[in-house]
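Please examine the sequence and the three-dimensional structure shown here.

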Amino acid sequence: MLPKSLTSFLASAADAAIESVLTGGGARTPRPTGEVTAVRTMTLDGFDEIATRWSPILKSAGYRIDLRSVFCHSRPHVTFAPVPHPKLSGGKTPRQCELADLLIVIDHIDPVQGIDDRRAVLVQAKLLKGGKIKPSGAEWVQHELLGWLPKFTFVDASYDTRPREFRGCPMVGRPIFSAEYGGVDLKAKPPVWRQELTQTTAPWFKSQIPLADFLANMATGGRSCSRKAIRGGGDDWSFTVDELLRITGARPVTLKNSAVLRRNDNVVGFISDTSQSFGSGVGGRIDITEGDEPDWPQGPISTVHTIIRSLDDRSEE
């Protein structure tokens with residue numbers, strides 16, 4: 001991945017971008033008010049702002065960004081056998097829940113130097129309650145999935161029927177970093193989005209880190225921020241990351257819900273909103289009201305795919 005000397009600069013730039021969009025929204029979204037709109041604002045505006053602020057930092061080091069962000073008002077559903085979770089005595093068998101809210105992928109590709117590195121992470125957003133992530137009721141089913149990483153299968157026929165075992169062999173990367181919760185506090189000043197790992201004993205979450213620091217470490221290969229994956233890999237983790245990107249990327253995109261970003265030496269970007277339910281919006285924004293659709297339908301996952309290349313590499317344009 002990128003040189004570690006860039007970590008602090010990338011973290012500072014990302015922090016300013018995240019604070020800006022969580023406080024007031026952005027070009028495509030209004031100020032977020034809950035979990036759904038926080039994910040949407042970060043996907044459609046937050047990562048755009050991060051790419052913009054990262055661009056001059058990376059240019060000075062000889063790199064550029066290709067950003068592809070897609071927000072889908074859906075999530076892939078999966079089924080798995082109960083672990084069982086200590087907070088879920090009994091419950092349905094098999095379990096069924098969403099996989100996650102968002103997939104973040106950062107690729108560093110440099111054919112000349114033989115670099116083809118991928119880092120990826122699944123993120124489940126939750127509003128903080130009293131400064132903590134506090135699942136309740138059926139929400140513990142997803143914690144069971146992301147905490148224990150049991151073998152699972154997708155429900156939606158769009159996905160391959162093969163079972164997935166992120167802890168299975170051949171193993172690529174460290175399974176514990178496959179999925180995290182994003183703890184969000186929109187009432188704090190400034191607003192908070194922090195990443196937290198799951199654990200299989202109380203208090204159930206650990207290792208808090210601001211999203212800005214997480215993304216900077218992800219881009220520079222920090223071992224505890226995201227999981228290594230292989231583009232085109234056959235292991236369950238790498239295969240699933242590729243599949244999630246492919247299925248989301250195949251969603252139909254229209255002029256109504258897409259926008260091409262700045263095109264220059266530093267940023268080549270594409271932002272898309274495939275939401276099926278939206279309001280009238282103001283000033284080009286499309287509003288989604290929290291609570292309109294508490295159970296997201298089965299389908300693609302929202303994705304943020306960042307590809308970092310050398311300035312003189314135009315192989316994918």
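The model is a predicted one. A search of the whole structure finds two cavities of 30 Å³ or more. Helix α2 supplies four residues to the lining of the largest cavity, the greatest contribution to that lining, and α2 also packs against helix α1 at an angle of about 145°. An open sheet of three strands is present as well, with antiparallel pairing.

**Largest cavity**

- The volume of the largest cavity is about 80 Å³.
- Its lining consists of Phe47, Ile50, Ala51, Trp54, Ile65, Leu67, Ile106, Leu215 and Thr306.
- Sorted by class, the lining of the largest cavity holds eight nonpolar residues and one polar residue, with no charged residues.

**Second largest cavity**

- The second largest cavity has a volume of about 30 Å³.
- The residues that line this second cavity are Met42, Phe47, Leu102, Ile104, Val123, Trp193, Gln195 and Leu211.
- Two or more lining residues come from each of α2, β4 (102–110) and β8 (192–198).
- The class count for the second largest cavity is seven nonpolar, one polar and no charged residues.

**Packing of helices α1 and α2**

- Two packed helices are described by the angle between their axes and the distance between the axes.
- Helix α1 spans residues 7–24, and its axis lies 9 Å from that of α2, at an angle of about 145°.
- The crossing of these two helices, α1 and α2, is right-handed.
- On the α1 side, the contact comprises Phe9, Leu10, Ala13, Ala14, Ala16, Ala17, Ile18, Val21 and Leu22.
- On the α2 side, the contact comprises Thr41, Met42, Asp45, Gly46, Glu49, Ile50, Arg53, Trp54, Ile57 and Leu58.
- Within the contact of α1 with α2, 14 residues are nonpolar, two are polar and three are charged.

- Strand β2 (residues 77–80) is joined to β6 by three bridges, and the two run antiparallel.
- Val78 has Phe154 in β6 as its bridge partner.
- Helix α3 (residues 139–148) lies across β2, β3 and β6, and it runs at about 90° to β3.

**Pairings of strand β5**

- Strands of a sheet pair through backbone hydrogen bonds, either parallel or antiparallel.
- Strand β5 (residues 115–127) pairs with β4 in the antiparallel sense, over nine bridges.
- Leu103 has Leu122 in β5 as its bridge partner.
- Four residues separate the strands in the hairpin of β4 and β5, where Gly114 takes a positive phi near 70°.
- With strand β10 (residues 227–229), β5 forms three bridges in the antiparallel sense; the bridge partner of Ala120 in β10 is Arg227.
- With strand β7 (residues 179–185), β5 runs parallel and is joined by six bridges; the bridge partner of Lys126 in β7 is Gly183.

**Backbone geometry in loops**

- Thr93 and Pro94 are joined by a cis peptide bond with omega of about -5°; Pro94 is placed in the loop between β2 and β3.
- Lys189 and Pro190 are also joined by a cis peptide bond, with omega of about 0°; Pro190 lies in the loop between β7 and β8.
- Leu149, a residue other than glycine, has a positive phi near 50°, and Leu149 is located in the loop between α3 and β6.

Notes
Residues numbered from 1 in each chain as written. Predicted model: local features only at pLDDT ≥ 70, side-chain atom pairs only at ≥ 80, totals over all residues. Heavy atoms only, no water. Pairing = 2+ DSSP bridges. Contact = heavy atoms within 4.5 Å. Axes fitted to C-alpha atoms, helices over the stretch in contact; angles between N-to-C directions. 1 Å grid on protein atoms, 1.4 Å probe; cavity = no way out; pocket = protein on both sides within 12 Å on 5 of 7 lines; lining within 4 Å. Points joined across faces, edges and corners; volume = space filled by probe spheres on them. Nonpolar A, V, L, I, M, F, W, Y, C, P; charged D, E, K, R; others polar. Left-handed = near helix turned anticlockwise from the far one by under 90°.
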